[in-house]
Amino acid sequence: MLRFVLLTALLAASLPAAAQDLATLESAARANRRDVAAQTAYGRALIRAERYRDAERVLRNAARVAGDTPEALFEVARVAFAQENYRKSRAACRALERGHRGHVLTHVCRARAFLVWNRSGRAFEELEAAVQAQGDHFEAHLALGDAHRLRAATSESETSYRAAIAADATRAEPHYGLGLLYSNARRTDDAVGAFRAALRLDPADPDTQYQIAIRVGGDEARRLLTSAVAARTGWPEAMVALAELEVDSDRAAARGHYEAALEQAPNNAAAHIGLGRILIAEGEAEEGEASLRRALEIVPNSPDVALALGELYESQERYQDAFGQYRQAATLSPSDPVGLLRGAALALRLRRDVLATGFLDRYLQGKPNSARALELYGDAMMARRDRNGARGYYERALRGQGEIDRAEVQRKLRESQQQTQRRQVGRATR
């Protein structure tokens, strides 16, 4: 626990923008206890920090100060929606209904509760009534966008989110919803654009920071994830994502993030996998394997665990076990059978070119233009002293898809050509 506390303190000190935002809102709320806007802003910030008890207390106070208006009572209900608690959601909606029956927000509130309960059909009934009550209401269109998104109705969801934006261009939520919608549709560039629009309107929102970070990588992702973890203390998924960014540049920091994530979520398989790999790299093979085995208990069919175990066995010179794990990884991830490439590379290192081409033939059946696979096939041909065959694969690798060390492949290509020329000269002089 001490490691987690120290790590949290370090994050807050290094880049506490979101944490400072919460502290600023808290100061404003305390200084203006009868300022509904200040109380509401603080309450919303507490929700996104997942401090739900504090959020409910603050927003209930704001509702009392506001005279229990529909808008203020709906803010109280947001706490239950965020917790995905149907009973609490319905109770919050009943408080709204008692004094404001027929108001558009009573319908939206019930719809939100039904969405928490995964009853989209009943949610749509309420949202139709909400639109009839007030056709340009922001919350009604936002909820419609979410409801359609959960049904994977892309066009209808997009239309509803656009209507919400037209109703209130200052709110970030419909842009965030569009980001999730486009992400589900595998429109990554559109998703990032929508999330960026949301972040411009709400720069301290940790969910938006996280969604952008896991898609862009690099220094921007590190900055956003650091801010997100500071805003929502103990967020294991964000800590794991931050650790994955740090693995190559700062292994100690990555290890700290993984361990902190596991203190908050002991069954987080990704954290066990990442920590296991680090432990193995640091020479703690027994502990590393135990961490990977724990991940395997949590997710029995994880290709990432199979890959990591393959790497462990390879480092221990347990080559047959390593080949078996690499095959298993490929079987578990047929759309991205990277285990076959790992197996091929190991086979070539052991001068087992027949085994290597077996891995590569299987890989190229699904990904015939993979630059890395074609490069390895060229290496296998060179091992067989088939220089013409090697040259053909290296040339294809340079035209292929995916990242490779182009300078290295070009060097191999020149070497194969030079060896062919030397052989031809040798024949001519005999």
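**A helix pair and its surroundings**

Tutor: Let's start with helix 7 and helix 8 (residues 120-133), whose axes come within 8 Å and cross at roughly 165°. Keep in mind that this is a predicted model. An angle over 145 degrees counts as roughly antiparallel, so helix 7 and helix 8 are roughly antiparallel to each other. Their crossing is left-handed.

Now for the side of each helix that takes part. Helix 7 brings V104, H107, V108, R110, A111, F114 and L115 to the contact, and helix 8 answers with S120, R122, A123, E126, L127, A129, A130 and A133. Sorted by class, that contact of helix 7 with helix 8 holds 10 nonpolar, two polar and three charged residues.

In helix 5 the residues involved are P70, L73, F74, A77, A80, F81 and Q83, which meet K88, S89, A92, C93, A95, L96 and H100 in helix 6. By class, the contact of helix 5 with helix 6 has 10 nonpolar, three polar and one charged residues.

Then there's helix 10 (residues 154-167) with helix 11: the axes come within 9 Å and cross at roughly 165°. That crossing angle makes helix 10 roughly antiparallel to helix 11, and helix 10 passes helix 11 in a left-handed crossing. On the helix 10 side you'll find T154, S157, E158, Y161, R162, A164 and I165; on the helix 11 side, P174, H175, G177, L178, L181 and Y182. The contact of helix 10 with helix 11 splits into seven nonpolar, four polar and two charged residues.

What surrounds these pairs? Helix 5 (70-83), helix 7 (104-116) and helix 11 (173-184) are among the elements that give two or more residues to the lining of the largest pocket. Others on that list include helix 2 (17-31), helix 3 (36-48) and helix 9 (138-150), along with helix 12 (188-201) and helix 13 (206-216). About 1500 Å³ of space lies in this pocket. It is lined by 38 residues, and I47, A82, E173, Y176 and D207 lie nearest its centre. The lining divides into 19 nonpolar, three polar and 16 charged residues.

Helix 21 (338-349), helix 23 (371-383), helix 24 (387-399) and helix 25 (406-429) each supply at least two lining residues, and the largest share, five residues, comes from helix 23. By class, the lining of the second largest pocket is six nonpolar, one polar and nine charged.

Back to where we began: helix 7 faces helix 8 across a left-handed crossing, and helix 7 also gives two or more residues to the lining of the largest pocket.

How values were computed
Residues are numbered from 1 along each chain as its sequence is written. This is a predicted model: local features need pLDDT of at least 70, side-chain atom pairs count only at pLDDT 80 or more; totals for chains, interfaces and linings use all residues. Side-chain values use heavy atoms; hydrogens and water are left out. On a 1 Å grid over the protein atoms alone, a cavity is a set of points where a 1.4 Å probe fits but cannot get out, and a pocket is an open set with protein on both sides within 12 Å along at least five of seven lines; lining residues have an atom within 4 Å of a point. Grid points are joined across faces, edges and corners, and a volume is the space filled by probe spheres set on the points. Helices (H or I, at least four residues) and strands (E, at least two) are DSSP runs, numbered from the N terminus. Ala, Val, Leu, Ile, Met, Phe, Trp, Tyr, Cys and Pro count as nonpolar, Asp, Glu, Lys and Arg as charged, and the others, Gly among them, as polar. Axes are lines fitted to C-alpha atoms, for helices over the stretch in contact, and angles run from 0 to 180 degrees between N-to-C directions. Angles under 35 degrees count as roughly parallel, over 145 as roughly antiparallel, 65 to 115 as roughly perpendicular and the rest as oblique. A crossing is left-handed if the near helix is turned anticlockwise from the far one by less than a right angle, and right-handed if clockwise. Contact means heavy atoms within 4.5 Å.
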